[in-house]
Amino acid sequence: RANLVRPAIGATSAVRGLRADFIAAAVILLGVSLIYGARLTVEPLVGEETRWATAAREMLSTGDWVVPRQQGQVFAERPPLTTWLMAIGGWMRGDVDPIAARLPSVIAVVLTSLLIFGYTRAFASVTTALIAALVYATGGQVLQIGRLGESEAVFTLFVGGSLLVWHLGYARNWRPVVVWTLGFSFAALAAMVKGPQAPIYFVAITGAYLVVVRDWKYLLSWQPFAGGLAFVAIIAAWQIPFYRATDWQAVLATWAGLAGDRIHLRGVLAHSVSYPLETFGCLLPWSPMLTVLALRDVREWLREKRNVSTFIITALVVAYPTVWLASGARGRYFMPLYPLVAVLIGLLIEYCSHAVRGSAARRMWQGFLLLWTLVIGGCAALVGGNALLPSNWALDFSQPRWFVLVASAVAGAALYAIVSVYKSGQPAQPLRVVLSIAGVAGLGATGLMLNYYAVLWSDPTSSVSELAAHLPEGAQLVSLTEIEHRFAYYYGAPITQLPWPMTADDLPANVDYFCFMRHWNDTPESHIAGRGRTAYRTPGTLPFAWEEVMAFCPDRQTDTPTATSLVLGRVIRPIRAEVSDISKPQNKVALEGVASERK
């Protein structure tokens, strides 16, 4: 009878486990999709979003999916996978609108969260796996840029996939050729997003890990070379047609241009001090849990979890110096390793929340709860109390009053949950705490902060419409050198790029209206054209008579000292070889004889 009952109990337990896994995955899918997918059009496109979106729009209009272009010129900044994803969204929606530009990042964050859950679930409980996924999805920097039309979220998905899938296959004894092929394939997709960082991380981390665990046979077998062939095949499928359509300089610029700009030693000492603090801030609200690594009993417990902890620690030790010691690195450059950090934090929360009451680990967990009780309570009191003040007394937080009251109510519910766990004498319920903090962080990002940025960032739509109204019907606008991509995106129609004219004869006869960028430090002798590493200087004047029709600032913030201006100019015909000073707000050109010639 016992032999008959035991399988039935095991089957029931397995069913319950699958049900718990399904519920946890559904929580991740629905919760993360709601946080990142809601209100995608509230905030105007800013930063690099319009850079990739204009390339995607041009890709759709030309039908050339091999060579990314802007204003008809080869756009050799990065490989094209981010642009492809935006273009696919634009093809489905009929235009590369804000939803099409931002949806790839939203989907990437959701998939990365599910990937973290699946990986962690192979080594820990369903609760720990769910916590790890929520830690990644509600980390400060992921919340900040994970909903924008930029490359970081997609890049993190593929870098995280290359490392986590490889290690999961290695730990589960999958066929080595499958493990290496999957790992290198994910690394290739990541390289197609942002260049060589991904394969360097994958090769260095997996190689270092196999050295640490002394698995020389796995490292020196033929299977890694088979995976490398898969990597080469994926890259070559695009790279060869791209090279044949362009040249070797474009290939080098695509893979090494931006990376070379950001790897230098200037200011490395100050950066080595500030960057860890920046990383700590980017990983809030969860980064304080990393301080428990200073405890010996925590480190001893992690040794018992060496099948996962050794890989994570090795990966972080190998990868972090590449951004810590490169003074041009920014906080988001370490985001591809955030999935591994999230797994580590999930394990630490599991241990500390269930540690013996009175132990150092349990006290640090209690301190973590107290910290966020004070922070959440203080912020709710400040923002909620401000909303109750008369308008002439209240601070301008750019928040609808009803929304602040709802957010304060949610914060109150979260505080109740956290405080109840804090006061409990029983083993803590970490999921209850994590869900509360994650809910507040998600609502703050998709609600409070989004409302604030929607007011703070300028929306150039009306200015662009006004500019277009100045153009006669059917007029083709051209730009003198590169134009700001944010203006080009909102303008919508193609803008042909012309070189800066050195003589009046350099201007095509059919050009009547043109535009160019005016920078804060332009002078009559020198004008900055291009952007970043491609910037160059031209003469600060134009060799023909023209008048300024209008000018406006297309930047996200229009009141900064270094703000640029988009200038719309009209050629005065018959064209005369007279010089106009572009550094002045309004051109004042001597046009002697022009009036009589017109008569």
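Residues are numbered from 1 along each chain as its sequence is written, and side-chain values use heavy atoms, with hydrogens and water left out. In this predicted model, local features need pLDDT of at least 70 and side-chain atom pairs count only at pLDDT 80 or more, whereas totals for chains, interfaces and linings use all residues.

Student: How many helices and strands are there in the protein?

Tutor: Helices (H or I, at least four residues) and strands (E, at least two) are DSSP runs, numbered from the N terminus. The C-alpha trace spans about 110 × 70 × 50 Å along its principal axes. The protein contains 22 helices and 11 strands.

Student: What percentage of the residues in the protein is buried?

Tutor: Buried means under 20% relative accessible area, exposed over 50%, and partly exposed in between (1.4 Å probe, protein chains only). Of the 599 residues, the buried share is 51%.

Student: Are helix 4 and helix 16 roughly parallel or oblique to each other?

Tutor: Axes are lines fitted to C-alpha atoms, for helices over the stretch in contact, and angles run from 0 to 180 degrees between N-to-C directions. Helix 4 (residues 98-121) and helix 16 (residues 338-353) pack at about 45°, with axes 10 Å apart. Angles under 35 degrees count as roughly parallel, over 145 as roughly antiparallel, 65 to 115 as roughly perpendicular and the rest as oblique. The two helices, helix 4 and helix 16, are therefore oblique.

Student: Is histidine 167 buried or exposed?

Tutor: Histidine 167 lies in helix 7 (residues 152-171). Leaving aside neighbours within four places in sequence, histidine 167 is in contact with Tyr119, Phe123, Tyr209, Asn307, Val308 and Phe311. Because its relative accessibility is 0%, histidine 167 counts as buried.

Student: With the side chain of which residue does the side chain of tryptophan 255 make a polar contact?

Tutor: Tryptophan 255, in helix 12 (residues 248-262), counts as buried because its relative accessibility is 19%. A polar contact is a pair of N or O atoms within 3.5 Å; within protein, one must be able to donate a hydrogen and the other to accept it, and residues adjacent in sequence count only if both atoms are side-chain atoms. At 2.3 Å, the partner of tryptophan 255 is glutamine 239.

Definitions and conventions. Contact = heavy atoms within 4.5 Å.
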